[in-house]
Amino acid sequence: MSWGTELWDQFDNLEKHTQWGIDVLEKYIKFVKERTEIELSYAKQLRNLSKKYQPKKNSKEEEEYRYTSTRAFLATLNEMNDYAGQHEVISENMTSLIIGELTRYVQELKQERKSHFHDGRKAQQHIETCWKQLEASKRRFERDCKEADRAQQYFEKMDADINVTKADVEKARQQAQLRHQMAEDSKAEYSSTLQKFNSEQHDHYYTHIPNIFQKIQEMEERRIVRIGESMKTFADVDRQVIPIIGKCLDEITKAAESVDHKNDSQMVIEAFKSGFEPPGDVDFEDFTQPMKRTISESSLSNSRGDGKYEPKFGGKSKGKLWPFIKKNKGAGPEDFSNLPPEQRRKKLQQKVDELNKDIQKEMDQRDALTKMKDVYIKNPQMGDAASVDHRLSELEQNIEKLRLEVQKFEGWLAEVEGRLPSRTEQARRQSGLYEAQNTSAVNSCAQDRESSPDGSYTEEQSQETEMKVPATDFDDEFDDEEPLPTIGTCKALYTFEGQNEGTISVAEGEMLYVIEEDKGDGWTRIRRNEDEEGYVPTSYVEVYLDKNAKGAMTYI
């Protein structure tokens, strides 16, 4: 099967077909180019999508990614970023392996095609020239034969005419012979030209054209093979990234399988558990027997006085936000006293850890400068040893300040750990008691609650100035000659060991008199009998004011 023999007379059609083949190749290049643009656009959109849903640094949103479900989502976002990178690889490989290679090949193909068809046209023009020469020789031979025939007829006519002189007859005979000779010469030339043309035509249709068409056929077949290889490369480029894309999808699946609903539920408990126990049953109040304002313990245990009791979810607490939603958007106190016990310890422990890291960092810098100073002392040409003294002094001052900060926070931490309830009690507590808390920032609760990995609960320490009221202040208040009147009663929610001057110890469930409300410092003044009165943390008692108060109050 050869175009040279089968299509020897289809030069124009072959020229059109090969041009169509180049057009197909260029169309395929354009197709691949648009595919690469789509891949790049898709990769860009995937990256933007992944970036859009990434948590913002140092934000509350970032804290939410401690749950297994949100961590799995974050892993999915990261894998989608890598997934997008593989589409960029597809675009790059297709651009270099297909578009670049085929573009160069098309240029070479055009030049080769132009050369082959130039040779074909040249051969065609040569055979046409030979044909024209043959036609000219043939016409000349025909003309000479006719002229010779007319000269012969004229001679015969003159020879038969008796009136014509012998000289005229001789002249006609010579003219006939000349024409006859010219006809013979034209015949010989025509015969020679014909043979030459036949030879050229044979070479043209059996040698030159077949060779040219064979080259064109090979060129076209190479084009077909090349476009087929490019299509295979097109698939291979995709196939090469499939394992990596598969790994991305496997990682997404792995992240999805790591979602642990039990763990997330436990983390919610650790984040929001307050450590307090639910309120007990509400006692029956007999309003038919007014409470006698006596100072004895029996009166406290038998009656709550004539002060009107309201449920702890009413009174001043009415309309308040859920305790885990901070109303005060400002910065909290330094010792995190605005948090419930279990969270304050956690915050204080985190603060201590951060300070210790800062101390270690400063000490590392100090050690490095000390070594540098020793080097300068041993080798003065390397630098002045005195030049680092100022920085060393600054580091020592910073370390000392940080150590004082650590001691302060450790003191608060030790104090709050000393008054935390037992774990068995904490297991029964939840945040319901916060509903009726005081609106001040000192008594407000925080949102964030966690527990340490070993399951022990942590508490954020109240400020030392609040917990340790100076003895002189208490002495001044207790030196009053006239005892303060009672303004209500209270029930101890937890046991409190009053170890500081001015405080009083109470047992859980004990009923006492209230003689002074919490004035915003986190302390409530109570009385047990004539000789025993003092301050207890407001969060440790449930206060019931008398009828002159605006309503029942619950301080947690």
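**Figure 1. The charged end of Arg226 over the ring of Tyr105.** In this predicted model, the charged end of Arg226 sits over the ring of Tyr105 at 4.7 Å from its centre, where sitting over a ring requires NZ of Lys or CZ of Arg within 6 Å of the ring centre and within 35 degrees of the ring normal. Because the model is predicted, local features need pLDDT of at least 70 and side-chain atom pairs count only at pLDDT 80 or more, while totals for chains, interfaces and linings use all residues. Residues are numbered from 1 along each chain as its sequence is written, and side-chain values use heavy atoms, with hydrogens and water left out.

Figure 2. The structure holds 12 aromatic pairs, defined by rings of Phe, Tyr and Trp (its six-membered ring) with centres within 6.5 Å, planes under 30 degrees apart counting as stacked, over 60 as edge-to-face and the rest as tilted. One of them is the edge-to-face pair of Phe11 and Phe117, with 5.3 Å from centre to centre and 75 degrees between the planes. This pair links distant parts of the chain, since Phe11 lies in helix H2 (residues 11-52) and Phe117 in helix H4 (residues 68-160), 106 residues apart; helices (H or I, at least four residues) and strands (E, at least two) are DSSP runs numbered from the N terminus. Phe11 is buried at a relative accessible area of 13%, and Phe117 is buried at 1%, buried meaning under 20% relative accessible area, exposed over 50% and partly exposed in between (1.4 Å probe, protein chains only). The rings of Tyr28 and Phe31 form a tilted pair, with centres 5.8 Å apart and planes at 40 degrees. Both of these residues, Tyr28 and Phe31, lie in helix H2, 3 residues apart, or about one turn of the helix, yet Tyr28 is buried at 9% whereas Phe31 is partly exposed at 43%.

**Figure 3. The largest nonpolar core.** A nonpolar core is a set of buried Ala, Val, Leu, Ile, Met, Phe, Trp, Tyr and Cys residues joined through side-chain atoms within 4.5 Å. Of the 32 residues in the largest core, those touching the most other members are Leu25, Tyr28, Val32, Met94, Ile98, Phe213 and Ile216. Helices H2, H4 and H5 (166-257) are the elements that give two or more residues to this core, and H4 supplies the largest share, 12 residues. Leaving aside neighbours within four places in sequence, Ile216 is in contact (heavy atoms within 4.5 Å) with Trp3, Thr18, His116 and Phe117.

Figure 4. Five strands form an open antiparallel sheet in the order S4-S3-S2-S1-S5, two strands being paired if DSSP finds at least two bridges between them. Strands S4 (533-537) and S5 (541-545) stand at the edges with a single partner strand each, so one side of each is left without a neighbour in the sheet. Strand S2 (residues 511-516) pairs with strand S3 (residues 523-527) in the antiparallel sense over 3 bridges, and Val514 has Ile526 in S3 as its bridge partner. A second, separate core of 17 residues includes Phe496, Ile526, Val541 and Leu545. Ring pairs also link Tyr494, Phe496, Trp523 and Tyr540 into a cluster.

**Figure 5. The surroundings of Leu355.** Leu355, in helix H8 (residues 341-378), is buried with a relative accessible area of 7%. Not counting residues up to four places away in sequence, Leu355 touches Leu402, Glu405, Val406 and Phe409. The C-alpha atoms of Leu355 and Glu405 are separated by 7.5 Å, although the two residues are 50 apart along the chain.
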